[in-house]
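Reader: I am new to reading protein models. Could you take me through this one?
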Amino acid sequence: MSSGNNTYGAIHRYEPPSESTAALIGIVLLTVVEVVFVGLFTYGLVAGWGLSEFGNMFLGGMLAVIFLDLAFILLLYRKEFLPDVMIVKKRRRKWEDLYVREEDMYGTDSLPDAWESVKRAVYPYYKK
């Protein structure tokens, strides 16, 4: 659904999430698998599997599987349960994000001010 409002911050397009039941079942199953792998990883860490060469590789692989499983859970959640929203943003020129005024687009000389601050810090009774 697209709106004709082009003011800054207005919602340009809003598509509601599909919220499919298959995605919900997939997220629940992946969460169960995640809990099983985290429990197995924790048991292996406490049992000292990481002290041997192959046990250390096994724990590293299991940690990779844990994060991949978490990535798929978050991917399904984002795709199926979050709305697709596009807002109108103000178009800016390159220098506007960095500087406040157009005449300051090439920067200002801050060295003299910094040198004065250093002189005042070193010699507090310095007179102008």
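Author: Let us begin with a definition: rings of Phe, Tyr and Trp pair if their centres lie within 6.5 Å. In this predicted model, the count comes to three aromatic pairs. Y43 and W49 form one of them, an edge-to-face pair at 5.6 Å centre to centre, with 85° between the planes.

Reader: Which residues form one aromatic cluster?
Author: Y43, W49 and F58 form the cluster.

Reader: Is Y43 buried or exposed? And what about W49?
Author: Y43 has a relative accessible area of 53%, and it counts as exposed because the cut-off for that class is over 50%. W49, at 29%, is partly exposed.

Reader: What kind of pair do Y77 and F81 form?
Author: Y77 and F81 are stacked, with 6.1 Å centre to centre and 25° between the planes. Both lie in helix α2, four residues apart, which is about one turn of the helix.

Reader: Changing topic, where does E80 lie?
Author: E80 belongs to helix α2, which covers residues 53-81. E80 is buried and has no salt bridge; K79, the nearest side chain of opposite charge, is 5.4 Å away.

Reader: Which side chain does E80 make a polar contact with, then?
Author: With the side chain of S20, at 3.3 Å. Neighbours within four places in sequence aside, E80 is in contact with P17, S18, E19, S20 and A23.

Reader: And how many helices and strands does the chain have?
Author: The chain has three helices and two strands, in the order β-α-α-β-α along the sequence. Of its 128 residues, 13% count as buried.

Note on methods:
Residues are numbered from 1 along each chain as its sequence is written. This is a predicted model: local features need pLDDT of at least 70, side-chain atom pairs count only at pLDDT 80 or more; totals for chains, interfaces and linings use all residues. Side-chain values use heavy atoms; hydrogens and water are left out. Buried means under 20% relative accessible area, exposed over 50%, partly exposed in between (1.4 Å probe, protein chains only). Lys and Arg count as positive and Asp and Glu as negative; His and the chain ends are not counted. A salt bridge is a side-chain nitrogen of Lys or Arg within 4 Å of a carboxyl oxygen of Asp or Glu. A polar contact is a pair of N or O atoms within 3.5 Å; within protein, one must be able to donate a hydrogen and the other to accept it, and residues adjacent in sequence count only if both atoms are side-chain atoms. Contact means heavy atoms within 4.5 Å. Rings of Phe, Tyr and Trp (its six-membered ring) pair if their centres lie within 6.5 Å; planes under 30 degrees apart count as stacked, over 60 as edge-to-face and the rest as tilted.
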